[in-house]
Amino acid sequence: MRAVRVLLPVLRPLAGRDGHGRGGMLLAAALLRCSSPHWAPRRPQPLERRLAWGAEAVALSRAAVFRARSGAPGLLARSLALHAQLLLQAGRYADALAAAEESLTAPDAHVPSQRTAFGHLVKTHALARLDRADEALVAARDSVAAYRSAVPRRADLPLGSTAAALRAQAWVLGRAGRTAESVTVYFECAELLRALSVWRQARLVVLQTRVLAELIGGLRVLGRFGEAAAVGDDFRERVPPFVPWLYPEARLLRAALLIDLAWCLGAGGDLPGARATAEESVACCRALRVSDPAVGDSVLVLALDCLAHHLDRLDAHAEERVVSEELVRIHEQLAVTDPDEHEPGLAAALDSLARCHRRDGEGPESVAVTERGVELYRRAVGRDPLLYEGELARTLCNLSIRRRMTDDATGAMAAGDEGLAITRRLAESGGEELRPLVADRLRILGRARYRAADDEGAAACFEEAETVLRELMEAGDPRAHEAGLAAAQSALAKALGAAADGHLDAGRTDEAVAALRRLRELTGRTALTDVHAGCVSAFVRSRDRDAEGTGEAWRRMTGEAWPSFVYRLG
């Protein structure tokens with residue numbers, strides 16, 4: 001290509017001032033050669049220069065068509081298609097669509113050829129970027145059909161391939177939310193690439209990397225983790241590790257692939273493999289950061305988050321803390337220049353770091369870091385409530401737990417109240433899947449109230465949590481909520497026992513007996529040993545403190561004698 005660029009000054013005089021000379025078509029072909037993508041691992045010319053060359057080639061081809069030169073219509077269609085691809089790279093999607101559609105109006109566009117197939121391929125990408133998914137899918141199918149019918153020529157190598165068209169079709173399906181169909185097409189594309197000769201695979205190694213990366217991402221969404229692991233093995237076998245050093249665009253693809261693969265391995269139970277893959281993705285992102293700091297940082301935070309998650313699952317907490325601290329630092333740097341994009345990520349990273357502080361016994365630091373995260377999520381909710389209100393509620397409940405563990409019961413109740421209120425509102429507005437979270441957050445608020453000695457308030461929370469969980473168990477799989485129900489009932493027994501003691505301390509015998517009555521009713525709803533034991537203990541304490549008063553109040557309220565025993569064996 002460099003030799004062709006050297007010839008451009010020689011060819012321009014032959015083309016004439018307006019491109020009407022006999023050398024116009026030759027110059028247009030040379031400009032196309034210079035602006036076209038090349039498979040060899042070399043640094044491409046700047047996009048602005050290639051756009052200028054492409055636009056000049058289109059103008060020269062139009063002049064040749066006007067002069068009725070032989071082969072000019074085909075050259076114009078080819079020039080328009082290649083120029084459309086450059087416009088796509090520049091983000092000028094509407095212009096790219098117009099150029100691609102014009103390339104398909106050539107007199108021989110109805111005849112299957114690499115050129116018409118490439119025009120449909122560029123049109124697919126332009127329509128997808130303009131959020132016209134249905135039209136993009138039609139164009140993608142036309143492109144696949146045209147490539148399969150065309151007779152390939154060596155001169156048409158820059159004009160895509162059947163594999164590129166299949167990848168575009170799969171990509172459009174994925175953007176449209178049709179992930180299962182997308183994955184099926186990706187598998188077809190991967191098999192097609194596998195069947196190619198070694199020489200052809202070498203020319204399409206970036207496309208191969210892209211296909212495998214996007215395939216693993218789709219399998220992760222579908223929860224098909226075993227297949228994703230197999231594709232990861234295939235990637236290591238088929239794509240040599242030196243490829244990212246030859247093709248810069250493959251570095252980002254490799255990093256994304258390794259991150260998705262690590263998540264899939266972890267979800268599939270291979271935690272050591274997930275950790276090793278996450279560490280590999282971090283190393284890949286660090287190398288990318290050297291050549292492109294902006295892109296490298298944005299991907300590095302994803303890799304570090306993945307690594308921190310799996311270190312936590314492996315109980316490698318010291319290493320997790322180091323990774324979490326680095327993650328916070330990078331997010332802080334990114335949030336300075338783009339707070340809308342990176343403040344939510346910083347809030348999530350701070351919440352993870354706060355968990356590390358709490359685990360290391362650093363309660364005040366844990367609370368302070370969580371409070372920072374809450375404020376960042378508040379700002380994010382101001383920008384996009386639909387996206388971030390759930391995260392704000394989650395972090396507020398974490399703040400409640402961490403404040404309670406530092407004996408800040410009042411602050412724990414305030415955070416828990418707000419987190420529960422947000423969760424209730426989201427669940428009432430149609431988020432039925434949030435009802436288990438309502439139960440969880442009722443328990444969090446109940447524990448905060450219990451710590452603040454608001455035993456009746458705590459009992460009310462635990463009773464409501466029990467009611468919500470029973471409704472969920474009736475409507476769905478009971479096993480999914482058994483542990484939550486047991487936790488709510490155990491906490492309710494403690495709260496009711498404490499409430500009875502508190503009422504007796506204040507001389508409120510009737511209220512104490514009412515709490516004991518609720519506690520006895522609870523024993524009829526569960527066989528949990530700790531609940532029955534707690535009930536026996538509460539009745540014994542009340543009898544010891546005021547046998548006459550509690551016995552009389554019990555007979556008056558229930559019409560029964562004071563229970564001789566409550567605890568049931570078996």
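**Close-up views of a predicted model**

**View 1. Phe539 and Trp554 are both buried.** Buried means under 20% relative accessible area, with a 1.4 Å probe and protein chains only. Phe539 has 5% relative accessibility, so Phe539 counts as buried. This is a predicted model: local features need pLDDT of at least 70, side-chain atom pairs count only at pLDDT 80 or more, and totals for linings use all residues. Residues are numbered from 1 along each chain, and side-chain values use heavy atoms, without hydrogens or water.

**View 2. Phe539 and Trp554 form an edge-to-face aromatic pair.** Their centres are 5.4 Å apart, with 75° between the planes. Rings of Phe, Tyr and Trp (its six-membered ring) pair if their centres lie within 6.5 Å; planes under 30 degrees apart are stacked, over 60 edge-to-face, the rest tilted. Phe539 sits in helix 26 and Trp554 in helix 27, so the pair ties together parts 15 residues apart in sequence. Helices are DSSP runs (H or I, at least four residues), numbered from the N terminus.

**View 3. Phe539 also pairs with Trp562.** The centres are 5.2 Å apart and the planes at 55°, so this pair is tilted. Trp562 lies in the segment after helix 27, so the pair joins parts 23 residues apart in sequence. Ring pairs link Phe539, Trp554 and Trp562 into a cluster.

**View 4. The second largest pocket is lined by 17 residues.** A pocket is an open set of points on a 1 Å grid over the protein atoms alone, where a 1.4 Å probe fits, with protein on both sides within 12 Å along at least five of seven lines; lining residues have an atom within 4 Å of a point. Helix 18 supplies the largest share of the lining, eight residues.

Definitions and conventions: Helix = DSSP H or I, 4+ residues; strand = E, 2+ residues; numbered from the N terminus. Buried < 20%, exposed > 50% of the residue type's maximum accessible area, 1.4 Å probe, protein only.
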